[in-house]
Amino acid sequence: FILVAGWLANDLWRFLGVAFSGRLTEESPVFAYVRAVATALVAGVIAQLILYPTGDLVATSLTLRLAAVAIGFTAFHLARHHVFAGVAAGEAAFVLGWWVGI
């Protein structure tokens with residue numbers, strides 16, 4: 001029973017996704033909606049981490065967190081929308097600011 005329930009909960013939906021994905025295009029309204037919802041969820045999680053941190057982030061200042069985001073965002077745009085450049089620059093700025101004591 002557990003095997004069947006586990007299969008139904010996971011693999012069935014994967015197979016259905018593959019079966020129906022051939023009919024969708026990236027420009028379809030369904031994809032636009034899914035992309036918008038996913039982007040909103042990521043933005044919400046990032047905003048929560050910046051404004052209402054938990055764990056070790058509580059010990060850092062809001063100024064440091066906002067500055068690291070701004071530096072990462074700027075690097076992302078200067079590197080022609082290269083995600084790794086933005087993440088690396090933001091993380092480096094955060095670690096450096098934390099190390100200096102900002």
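This is a predicted model: local features need pLDDT of at least 70, side-chain atom pairs count only at pLDDT 80 or more; totals for chains, interfaces and linings use all residues.
Residues are numbered from 1 along each chain as its sequence is written, and side-chain values use heavy atoms, with hydrogens and water left out.

**Helices H3 and H4**

Helices are DSSP runs (H or I, at least four residues), numbered from the N terminus. The expected span of a helix is 1.5 Å times one less than its number of residues. Both helices below are close to that value or agree with it.

| Helix | Residues in helix | End-to-end C-alpha distance | Expected span |
|---|---|---|---|
| H3 | 17 residues | 24 Å | 24 Å |

Burial follows relative accessible area (buried under 20%, exposed over 50%, partly exposed in between; 1.4 Å probe, protein chains only). In H3 the buried residues are Leu64, Arg65, Ala68, Gly72 and Ala75. They sit on the same side of H3, because they cover an arc of only 100° around the axis. The arc is taken from the directions that run from the helix axis to the C-beta atoms. The face of H3 turned away from the buried side carries exposed Thr63, Phe73 and Leu78. The buried residues of H3 pack against H2 and H4, where contact means heavy atoms within 4.5 Å.

H4 buries Gly86, Gly90, Ala93 and Gly97. Their arc is only 65° around the axis, so they lie on the same side of H4. An α-helix has 3.6 residues a turn, so residues three or four places apart point the same way. On the other side of H4, Phe84, Glu91, Leu96, Trp98 and Trp99 are exposed. H3 is part of what covers the buried residues of H4.

**The largest pocket**

A pocket is found on a 1 Å grid over the protein atoms alone: it is an open set of points where a 1.4 Å probe fits, with protein on both sides within 12 Å along at least five of seven lines. Lining residues have an atom within 4 Å of a point. The volume is the space filled by probe spheres set on the points, which are joined across faces, edges and corners. The largest pocket has a volume of about 520 Å³. It is lined by 16 residues, and Ile46, Ile50, Ala68, Val69 and Gly90 are the closest to its centre. Helices H2 (29-51), H3 (62-78) and H4 (83-100) each supply at least two lining residues. The lining divides into eleven nonpolar, three polar and two charged residues. Here Ala, Val, Leu, Ile, Met, Phe, Trp, Tyr, Cys and Pro count as nonpolar, Asp, Glu, Lys and Arg as charged, and the others, Gly among them, as polar.

**Residues at helix ends and in H2**

Most residues other than glycine have a negative phi. Arg80 is not a glycine, yet its phi is positive, about 55°. Arg80 lies in the loop between H3 and H4 and is exposed, at 76% relative accessible area. His81 lies in the loop between H3 and H4 and has a positive phi of about 65° although it is not a glycine.

Just after H4, Gly101 takes a positive phi of about 105°. Gly101 is exposed at 61% relative accessibility. Its C-alpha atom is 9.2 Å from that of Ser61, 40 residues apart along the chain.

Leu49 lies in H2 and is partly exposed at 41%. Not counting residues up to four places away in sequence, Leu49 touches Leu57 and Arg65.
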